[in-house]
Amino acid sequence: MSKEELLQELADAIISCKKDTVLAVVEKAKGELEPSEIIEKGLAAGMNEVGVRFERGKLFLPHVMMAADAMAAGVAALKDLMPEGASGSKLGVIVNGTVEGDVHDIGKAIVSTMLQSAGFEVYDIGRDVPIRNFIEKAKEVNADMIGISALMTTTLQGQKGVIELLKEEGLRDRVKVMVGGAPATQAWADKIGADCYAENASEAVAKAKELLA
């Protein structure tokens, strides 16, 4: 089996949303591919496709949650193969959450999983999170970045609120801010003074690496 076929099989296993299938293919891939490749080009590629199908109404929330769970299990199965540096020399500390008034969780959860897989130390503080909690958690863990998700136009202002509070607390210069979610755009990120906007989980990882490298 070629490398491409194996990566496709990993992606397909995630799309199937079956944890057992994912673990079996990860086991098979262990001897053939680097752990980082298995995660980024196999499992994460499948997770991105799950996200696309969810947005198009071809998959539903329970599928996405099962796929995210399967991906987390796949990543955990590779932990012992990760070189010390992969987790030891962490790329940065990120606090990630969905703003107050917004109970959407899945996109943010995928981003957290992908960032973790890429070597960041991630504190996922959940959904419907008050603005103040983002700041308190960032202080507590000495975060390099805050990721703020908003899935409704009515909760977008929460992203602006987090940035304003960071300024008030004198932390804005040292904490980067990434925004995302369906109604968020690059123009919105520029308007509120965020450091970056990510459209999907893969982009979130790339932008975080760019900003924190």
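Me: Is C17 buried or exposed?
Reply: C17 is buried, because its relative accessible area is 6% and the cut-off for buried is under 20%. Please keep in mind that this is a predicted model.

Me: Where does C17 lie?
Reply: C17 is part of the loop that runs between helix 1 and helix 2.

Me: And what about its phi?
Reply: The phi of C17 is positive, about 65 degrees, although C17 is not a glycine.

Me: Which residue has a positive phi of about 55 degrees?
Reply: That is D128, which is not a glycine either. D128 sits in the loop between strand 2 (121–124) and helix 7 (131–141).

Me: How accessible is D128?
Reply: D128 has a relative accessibility of 38%, so it counts as partly exposed.

Me: Changing topic: at what angle do helix 1 and helix 3 pack?
Reply: Helix 1 (residues 3–15) packs against helix 3 (residues 35–55) at an angle of about 45 degrees, and their axes are 8 Å apart. That angle makes helix 1 oblique to helix 3. The crossing of these two helices is right-handed.

Me: Which residues meet there?
Reply: From helix 1, the residues are K3, L7, L10, A11, I14 and I15. They meet E37, I38, K41, G42, L43, A45, G46, M47, E49, V50 and R53 of helix 3. Sorted by class, the contact of helix 1 with helix 3 holds ten nonpolar, two polar and five charged residues.

Me: How do helix 2 and helix 4 pack?
Reply: Helix 2 and helix 4 have axes 9 Å apart and pack at an angle of about 30 degrees. Helix 2 is therefore roughly parallel to helix 4, since angles under 35 degrees are classed that way. Helix 2 passes helix 4 in a right-handed crossing.

Me: What makes up that contact?
Reply: K19, V22, L23, V26 and K30 in helix 2 touch D69, A70, A73, G74, A77 and L78 in helix 4. Seven nonpolar, one polar and three charged residues form the contact of helix 2 with helix 4.

Me: And what about helix 6 and helix 10?
Reply: Helix 6 (residues 106–117) and helix 10 (residues 201–212) pack at about 45 degrees, with axes 9 Å apart. As a result of that angle, helix 6 is oblique to helix 10. Their crossing is right-handed.

Me: Which residues are involved there?
Reply: I110, V111, M114 and L115 in helix 6 meet A201, S202, A204, V205 and A208 in helix 10. The contact of helix 6 with helix 10 has eight nonpolar residues, one polar and no charged.

Me: What does M47 touch?
Reply: Leaving aside residues up to four places away in sequence, M47 touches I14, V64, A67, A68, M71 and I110.

Conventions:
Residues are numbered from 1 along each chain as its sequence is written. This is a predicted model: local features need pLDDT of at least 70, side-chain atom pairs count only at pLDDT 80 or more; totals for chains, interfaces and linings use all residues. Side-chain values use heavy atoms; hydrogens and water are left out. Axes are lines fitted to C-alpha atoms, for helices over the stretch in contact, and angles run from 0 to 180 degrees between N-to-C directions. Helices (H or I, at least four residues) and strands (E, at least two) are DSSP runs, numbered from the N terminus. Angles under 35 degrees count as roughly parallel, over 145 as roughly antiparallel, 65 to 115 as roughly perpendicular and the rest as oblique. A crossing is left-handed if the near helix is turned anticlockwise from the far one by less than a right angle, and right-handed if clockwise. Contact means heavy atoms within 4.5 Å. Ala, Val, Leu, Ile, Met, Phe, Trp, Tyr, Cys and Pro count as nonpolar, Asp, Glu, Lys and Arg as charged, and the others, Gly among them, as polar. Buried means under 20% relative accessible area, exposed over 50%, partly exposed in between (1.4 Å probe, protein chains only).
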